[in-house]
Amino acid sequence: MAVSIAAETPLQDDVRRMVAELNAHMMPLTPREFQFQMTAEEMADPAVTVFVARREDGRAVGMASLKRHDAGLGEVKRMYTLPEARGQRIGASLLETVERLARADGLSLLVIETGEAPGFEAAWRVYEHGGFEVCGAVLDYPDSGYSRFYEKKLS
């Protein structure tokens, strides 16, 4: 399946649908108080760039975001690929796209917070194959045992 990836507004129905599907996927895996979700409105913040992967027919099949923090730090947020499109390197392509923008923006470090429970293995593989390494808690996330943290030095 050929896909294209572009920066888009999260304030559109197909992105909102993916946000809802990602939230529903996470709900049984991690207690709600340890889920650090961003709404589509929060993703529309100027410090966030949202990338959407689309099939040739225009259907959105994946998303990923770069959230910029102070001191050259970027965070990968809201990574998701529709179940029907998994196994086709869409997640890897989205992650590479986020990293390219982070490098172009002069960021020196990318971090990720994701779930630690069974059910997140596919995400861990994408991050680890993308060169991210497990690290301690990042930003203001609690070290609760429900999160796994990754980092990748860019410079």
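What share of the contacts in the protein with a separation of 6 or more comes from residues 24 or more positions apart? Such residues account for 63% of them, a contact being heavy atoms within 4.5 Å. The model is predicted: local features need pLDDT of at least 70, side-chain atom pairs count only at pLDDT 80 or more, and totals for chains, interfaces and linings use all residues. Residues are numbered from 1 along each chain as its sequence is written, and side-chain values use heavy atoms, with hydrogens and water left out.

The protein has 4 helices and 7 strands. These are DSSP runs numbered from the N terminus, with helices (H or I) of at least four residues and strands (E) of at least two. From the N terminus on, their order is β-α-α-β-β-β-α-β-α-β-β.

The 7 strands form an open sheet. Its order is β1-β2-β3-β4-β5-β7-β6, and the pairing is mixed; two strands pair if DSSP finds at least two bridges between them. β1 (3-8) and β6 (133-135) stand at the edges with a single partner strand each, so one side of each has no neighbour in the sheet. The twist averages 30° from one strand to the next. Axes here are lines fitted to C-alpha atoms, for helices over the stretch in contact, and angles run from 0 to 180 degrees between N-to-C directions. β6 runs antiparallel to β7 (residues 147-153), joined by 3 bridges. Cys135 has Phe149 of β7 as its bridge partner.

Two helices are described against this sheet. Helix α1 (residues 13-26) lies across β2 (48-55), β3 (60-68) and β4 (73-81), at about 85° to β3. Helix α3 (residues 90-104) lies across β1, β2, β3, β4, β5 (109-115) and β7. Its angle to β3 is about 30°.

α3 has 15 residues and spans 21 Å from first to last C-alpha. This is close to the expected 21 Å, taken as 1.5 Å times one less than the number of residues. Its buried residues (under 20% relative accessible area, 1.4 Å probe, protein chains only) include Ile90, Leu94, Leu95, Val98 and Glu99. Just after α3, Gly106 takes a positive phi of about 80°.

Buried residues make up 44% of the 155 residues. The accessible surface (Shrake-Rupley, 1.4 Å probe) comes to about 7600 Å², with 52% belonging to carbon and sulfur atoms. The C-alpha atoms fill a box of roughly 40 × 35 × 30 Å along the principal axes.

How values were computed:
Buried means under 20% relative accessible area, exposed over 50%, partly exposed in between (1.4 Å probe, protein chains only).
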